[in-house]
Amino acid sequence: MSDATLHAHAMDPDSFAVQIADSIESFIVATTEVAKGDEPDSAVPFLLLEVSQLLLAGGRLGAHEDIVPDERYEPDAGPDMDVDELRMRFAVMLDPVDVFSEVFDPYEPRKAPVPFRISDNLADIVADLRHGLAHYRAGRTTEALWWWQFSYFSNWGPTASATLRALQSLVSHVRLDQPLAELDGLDTDEDLAEDALAEEAGRVMAAEILGPLGMRTVK
């Protein structure tokens, strides 16, 4: 699909490019608002919803035929926006349950889980998406779609999938009234043996994270 074809539908709200760009921009705006901490009582459920919706756009990109940019080399999209403030805001907000363990590639046999942070993941996803959005806003629609599709496979797709599982697990623990087990202080900069891997959250129980993280038990 050429740039000319894509731009011919650029103003059509039903076109693939516009729908993907709208979904991505919506995610960036929504997560940035959540990170401000104005409504902490709805943070985790809202992030669960937003990451789920983003992965729908990712699935559409993944199912689409390979998007090939017209230029051999990627045009300069300008400096990437700093996401450190976003990362830190989420780290503070999610501190009790920020670190979790994940099997990076389920098709690699006997692969040990590795630690990740929800805050790092969200910031990295936003950074990837913003890079493509810079191309899109500059009128380089094919380049933007190529970048979003490529980085969906290589980075933000797996990262968002892992983040979704962590958020869904947190909500499930609360809704099913299953307290989180004691956790052993795993951190992302530690090199621990496989039997020591577990999410880091101190001795947080589900009842202690209901209010601050926006989760409620179902009566």
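Modeller: Tyr-136 is partly exposed, at a relative accessible area of 22%. Buried means under 20% relative accessible area, exposed over 50% and partly exposed in between, with a 1.4 Å probe and protein chains only. This is a predicted model, so local features need pLDDT of at least 70 and side-chain atom pairs count only at pLDDT 80 or more, while totals for chains, interfaces and linings use all residues. Residues are numbered from 1 along each chain as its sequence is written, and side-chain values use heavy atoms, with hydrogens and water left out.

Colleague: How many aromatic pairs are there?

Modeller: The rings of Phe, Tyr and Trp (its six-membered ring) pair if their centres lie within 6.5 Å; planes under 30 degrees apart are stacked, over 60 edge-to-face, and the rest tilted. That rule gives seven aromatic pairs. Tyr-136 and Trp-148 make a tilted pair, because their ring centres are 6.1 Å apart and their planes meet at 40 degrees.

Colleague: Which helices do Tyr-136 and Trp-148 lie in?

Modeller: Tyr-136 is in helix α5 (residues 118-137) and Trp-148 in helix α6 (residues 141-175), so the pair ties together parts twelve residues apart in sequence. Helices (H or I, at least four residues) and strands (E, at least two) are DSSP runs, numbered from the N terminus. Trp-148 is buried, with 0% relative accessibility. Elsewhere, ring pairs link Trp-146, Trp-147 and Phe-150 into a cluster.

Colleague: Which residues touch the most other members of the largest nonpolar core?

Modeller: Phe-90, Leu-129 and Trp-148 do, in a core of 45 residues. A nonpolar core is a set of buried Ala, Val, Leu, Ile, Met, Phe, Trp, Tyr and Cys residues joined through side-chain atoms within 4.5 Å.

Colleague: Which elements give two or more residues to this core?

Modeller: They are α2, α3 (43-63), α4, α5 and α6. The most comes from α6, with twelve residues. Leu-129 touches Ile-24, Phe-27, Ile-28, Leu-54, Trp-148 and Trp-156, not counting residues up to four places away in sequence. Contact here means heavy atoms within 4.5 Å.

Colleague: Ile-24, Phe-27 and Ile-28 are in that list. Which residues in α2 are buried?

Modeller: Among them are Phe-16, Val-18, Ile-20, Ile-24, Phe-27, Ile-28 and Val-34. Helix α2 (residues 16-35) has 20 residues and reaches 29 Å from its first C-alpha to its last, close to the 28 Å expected at 1.5 Å a residue. The expected span is 1.5 Å times one less than the number of residues. After α2 comes Gly-37, with a positive phi near 80 degrees.

Colleague: Switching to charges. How many salt bridges does the structure hold?

Modeller: Eight. A salt bridge is a side-chain nitrogen of Lys or Arg within 4 Å of a carboxyl oxygen of Asp or Glu. In one of them, Glu-25 pairs with Arg-137, with the closest N and O atoms 2.5 Å apart. Glu-25 lies in helix α2 and Arg-137 in helix α5, so this pair ties together parts 112 residues apart in sequence. Glu-25 is partly exposed at 30%, and Arg-137 is exposed at 59%.

Colleague: What about Arg-87 and Asp-124?

Modeller: Their side chains meet in a salt bridge at 3.4 Å, N to O. Arg-87 is in helix α4 (residues 84-93) and Asp-124 in helix α5, 37 residues apart. Arg-87 counts as buried at 19% relative accessibility, whereas Asp-124 is partly exposed at 31%. Both belong to a salt-bridge network that links Asp-84, Arg-87, Asp-120 and Asp-124.

Colleague: And where does Asn-121 lie?

Modeller: In helix α5. Asn-121 is buried, with a relative accessible area of 5%. Its side chain makes a polar contact with the side chain of Thr-163 at 3.0 Å. A polar contact is a pair of N or O atoms within 3.5 Å; within protein, one must be able to donate a hydrogen and the other to accept it, and residues adjacent in sequence count only if both atoms are side-chain atoms.

Colleague: Last one: how many helices and strands are in the protein chain?

Modeller: Seven helices and two strands, in the order α-α-α-α-β-β-α-α-α along the sequence. Of its 219 residues, 42% count as buried.
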